[in-house]
Structures are given as structure tokens and as C-alpha cells.
Amino acid sequence: MGHEPWKITYSSDEFNKLYEFAIKLIKKEKAYVCHMTGEEITENKKLKQKQKPSPWRNRPIAESLFEFERMRKGYYAEGEATLRLKMDITHDNPNLWDIVGYRVIYKAHPHAGDRWCIYPTYDFTHCIIDSLEDITHSLCTMEFETRRESYYWLLDELEIFKPNVWEYGRLNIKNNVLSKRKLKYLVMSKTVRGWDDPRLLTINGLRRRGYTAEGINSFCEAMGVSRAMVAWASYERLELCGRQALTKISPRRMVVTDPLKMVIKNMDEKACVSVKCQDFPDSLGIKTNKKFTVPLSKVCYIERKDFKPSANSNFFGMTVGKTVRLLHAFNVTCTGFDKDSKGEPSTVYCTIDLDNKTRVKKGFLHWVSSPPGKSPVKVTVNIYDKLFLVERPGEGDVDYLTQLNPNSLKVMNEAIAFAEMGEVKTGEHYQFERLGYFYVDPDTKPGKPVFNRTMALGASKKKG
């Protein structure tokens, strides 16, 4: 995200201190070992302020200390004993109904290993770690607002520093999910390829799609902070901020994703014309604007969607008898085409005007040529779209999994580019002219580039 942390810490670094604080609470009669099961606690809390106190709520201090030590030494199975905080079961706030502070869990910790078999809960750990690390302001989303009282209760009882707590609205982005529970299911069920799937809005997913820290930070700044429980932003707003960050760092290149062969009839088989190109338009004012040439030969390829045998005036592509401009190059006029066995166009034939005598106002087509001895390189292009068909997946009683977009990923395995594109490196950004912004995926291998579409160039209307 472009930020340099002062220090990276883990709550597990303070497990010893957390355990000592638990002992302190027991000695103050503010915590006790309880043997109610999770189901029993849940059922009891349904009675709200009329719930019955735990049978072990008033057990002697020495007994709770003894039982807590037995928990630590592994005498109890998971769920047989917990350490609960002795708060106020008659309070209006459910987060003061003797919440659980420690549980028995027989699972190695990612950082602490297998040294512990009892682990502090989030509600116990969060506030204490904030205090120990001298956090001045603890920021969380609005659904945690009711936890503020339990946050301060625990710090008051331990008589340690109390940070300020600020709650703000949770930001959601339409046509996607940000819930950790839902994201985890999508990953574990292999609905997506992993936590870095470019369709997910995880940091790793956004990075693999090609978003930059500048673009994400710009989006967050544009959205601002709200006290609304949930703020919804359009996916297009995210794309806009991402596009603005990419335009000056993405060299322009021509790539054809769905090739249709084009033969220029009035060019010699061995002829090759050098066409001048550059990384960025002059209007962007990029100082290091590399200029280069690409070869134009008798055989070229255009996008299949850019040709129709016949079309109305709203179609700006190529049709028989119509003159269009090859991007950065010359005018060509279509004279005919061949069909394959399925009746689909297989080759189009054109004549070229190297003097560009006809002015073309609309109809500029990107292309890739196949000059003698230098064939274009085949590339894989992943076209990503919104992960869900609806703006707010799972709203109401609808299963969000039924609203997944079956076309959220389209893999173009037959795409081609000029031979030099076979040397791209993972992490590079490009703008494929007329197609969008693309990022070189980590799956790229020498001579076998893989590109992820970050976003299209902008909103467009279908022509023809």
C-alpha cells in the first residue's frame, strides 16, 4: 500500500503478559473458570437480562486459579472449561454478559507454536494489546461500537492505559464481497483460485489484478470516512481511481486477443514497412517517452469483432468496401473475405494506401503483423469482470453463491502480440490500445506471457 510500518508486532508476542493479566483478574474476583458449554451459554443469553448466572460465577478465587492452571496444562478438552470475565449480566449491553476471555484449543499457533493450549479471545486480546503498544486511537467499524464498553471495562479493571476508540462505517464495493467469512468460503471451495485471485478485493488480489498502491489509496481518500453502518461504493469508482494511477506508468502496446487474419493484396510478400510508435501520447508529458517501430507486413491480424461482412453506419470497424485506419499506420480498404466451414470469416482482404489519401474520422483498428521470419508471439490474456451479477450479493434471504457471475473470467489463449512482448517481466503494467490496462501475471514464463486485465479503458457503448 506504499506505507512503511514503524514496527510489525503480533499479539502472540504478549501471550505471557496476557496470561498474567488473566491471573490478576481472577485474584480481583473479576474472572472465573466456567464449565458451561458453548451451547448452554448461548441459550442462557437468549434470556437477556433475566439470564441465570453461571453455577461457577461465585466460585472461590483459589479454585478458579487452580482450574485455570489445569486448563493451561491441558487437563480439559476443548469446550469443557473457559475463563469468563465477571462483568454485569443484567446490563443492557450483551457485551457485558460475562464474555469469554480464554478458551482451550489444541492447535499450534502460527507464531507461538505449541507452547500454549489456552488462547485469549479477540475481546480479551484487542484492548490489552492496544494498551501495551501505546496505541493512541483504536479504529474499528461500526458493528464494534457496542464492544466499546467491554473494551474500557477490561482496561479499567486492569488499571492500564486506555486508548481512544473511534468507530466508522464499513466500506463495501458493489458486485463483490469483503466479508472474511464469505471470502474464505470462496477460496476454500475453490470458487476462486486463491486469496490472490484477481477477482477478489483482497490486497493480494488487487495487486495481482494490477492495481497500484497509489490507485487504492486514491480511492480510499475519495470515499472518505463515514459514520454510516455500511457505505457502498460502485466498482466503477474503484476502476476510475485505478485508471488514473495507471495511465502514466503503462506503456502503450498493440495486442490482438481474438485474431482474424488480414491479407494486404497490394503489398509484396517480402515487403515490410516500419511504423513509428511510442510508449505514451505526447499529451501526457512523459519525459522518458521511448519511441520505437513495429513492422507492417502483407499478413496482419485484427480483432475478430472489428470486422463484419456488412454493418450500419454506427459500426466503426471494417466492412467490405469501407476504408479504415490501422492504428499509427495507414488506411486500408476491405475488398472481400473468405469463410471457414462454419460460415465464419476466416481471412479478410484489403488494399493499403501508404499515402493516406482518404481522411478517416472514425475507424482506427489496432493490429499485429506477421513479417517474414518474425512471427508474432502467442500470449494468454485473462479478461476479468465483476465477480457477482448483482450490486449487493446476499442481500435479503438470497444465497450470495447463486449470484456469482459465470463470466467473471474469460481466458484468451490465442491472443497474439509483436515478438518483443515475449520478453515482458512479471509486475509490469501496459495499456493495450483500445482494450484496457493490463498487468503481467506471476504465471508468466519466458516466451509465454500471461496478462491480467486490470480494467477497460473506460465506459463505452456497443456500436452496430
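I sorted the lining of the second largest pocket and got 19 nonpolar, seven polar and three charged residues. Nonpolar here is Ala, Val, Leu, Ile, Met, Phe, Trp, Tyr, Cys and Pro, charged is Asp, Glu, Lys and Arg, and the others, Gly among them, are polar. A reminder to myself: this is a predicted model, where local features need pLDDT of at least 70 and side-chain atom pairs pLDDT 80 or more, while totals for chains, interfaces and linings use all residues. Numbering runs from 1 along each chain as its sequence is written, and side-chain values use heavy atoms, without hydrogens and water.

I then looked up the pocket's volume: about 1100 Å³. Of its 29 lining residues, Thr 141, Tyr 168, Arg 170, Leu 171 and Leu 178 are the closest to the centre. (A pocket is an open set of points on a 1 Å grid over the protein atoms alone, where a 1.4 Å probe fits, with protein on both sides within 12 Å along at least five of seven lines; lining residues have an atom within 4 Å of a point. Its volume is the space filled by probe spheres set on the points, which are joined across faces, edges and corners.)

Next I traced the open sheet: seven strands, mixed pairing, order E18-E15-E16-E17-E11-E14-E19. Strands are DSSP runs of at least two residues, helices of at least four (H or I), numbered from the N terminus; pairing takes at least two DSSP bridges. At the edges I found E18 (364–365) and E19 (368–369), each pairing on one side only. E14 (299–303) runs antiparallel to E19 over two bridges, and Tyr 301 sits opposite Val 368 of E19.

Last, I checked Glu 20, in helix H1 (15–27).  Its C-alpha is 80 Å from that of Lys 339, 319 residues away in sequence.
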